[in-house]
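Biologist: Could you walk me through this one? I have a few quick questions about it.
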Amino acid sequence: MSSETACALCETDGGRLIWRGAEFRLIRADDALLPAFYRVVWNAHVAEFSELSALQRLTCLDAVTLAEQLLRETLAPDKINLASLGNVVPHLHWHVIARWRWDAYWPQSAWSAAQRPADDAMLVSLGARLPEVDAVLQRAFAQRFGGA
C-alpha cells in the first residue's frame, strides 16, 4: 500500500487481538479511559457495510451481537454502545463499548469531551477483569465462527 492509501486496520490488528477468523477479527482497543472497548474488524479492506454480501452482513452483525451479549454477561455494564463510523479509518469495523455511569464520558459518547475526571479505582478494578473477559470472548468466537 502506498502512503496515500495506507490503512491502519490493513497493516495492523488495530488493538489487542482476541480472535481472528477468515473474514473478521475481534480486538480490544487500547483506550485507558474505556478499557472494555472492543472492535469487530472486517479483514478485507471495505469501507462500507453495504459492500458485504447479505450473508457477510448477517455474520458481521452476529459477531457484534455476540460481543455485546458476552460483555453484558461478564461485566454487567450500564449500557453497551455500538457504532460503525469509519470516518478516521475508512475500513469496516464495529465498535462494541461497555459503558458505566462512572466512566469519564458518561452519558456522552466515547468520542465526546470527558464529563468528569477518570475514576482510577474503577478503571483498575475493571482492567483486572479483562484477561478473563478476553478469554470468554475468544472461546465463544472460536466456538461460533471457528478460527483461532
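Biologist: How many disulfides does the structure hold?
Modeller: This is a predicted model, and the structure holds zero disulfides. Cysteine 7 is in no disulfide, and the nearest cysteine sulfur, that of cysteine 10, is 3.7 Å away.
Biologist: Switching topic, which residues have the most contacts inside the largest nonpolar core?
Modeller: That core has 33 residues, and the ones with the most contacts inside it include Leu26, Ala36, Tyr38 and Phe141. Among the elements that give two or more residues to this core are strand E3 (37–42), helix H2 (54–75) and helix H3 (120–145).
Biologist: What does alanine 36 touch?
Modeller: Leaving out residues up to four places away in sequence, alanine 36 touches Leu71, Leu75, Val96, Ile97, Ala98, Trp100, Leu126 and Leu130. There is also a second, separate core of ten residues, which includes Leu9, Ala29, Leu34 and Val41.
Biologist: In what order do the elements of the chain run?
Modeller: From the N terminus on, the order is α-β-β-β-α-β-β-α, with three helices and five strands in the protein chain. The radius of gyration is 15 Å, close to the 15 Å that the globule rule gives for 148 residues, so the chain is as compact as a globular protein of that length.

Key
Residues are numbered from 1 along each chain as its sequence is written. This is a predicted model: local features need pLDDT of at least 70, side-chain atom pairs count only at pLDDT 80 or more; totals for chains, interfaces and linings use all residues. Side-chain values use heavy atoms; hydrogens and water are left out. A nonpolar core is a set of buried Ala, Val, Leu, Ile, Met, Phe, Trp, Tyr and Cys residues joined through side-chain atoms within 4.5 Å. Buried means under 20% relative accessible area, exposed over 50%, partly exposed in between (1.4 Å probe, protein chains only). Helices (H or I, at least four residues) and strands (E, at least two) are DSSP runs, numbered from the N terminus. Contact means heavy atoms within 4.5 Å. A disulfide is a pair of cysteine sulfur atoms within 2.5 Å. The radius of gyration is taken over C-alpha atoms; the globule rule is 2.2 Å times the number of residues to the power 0.38.
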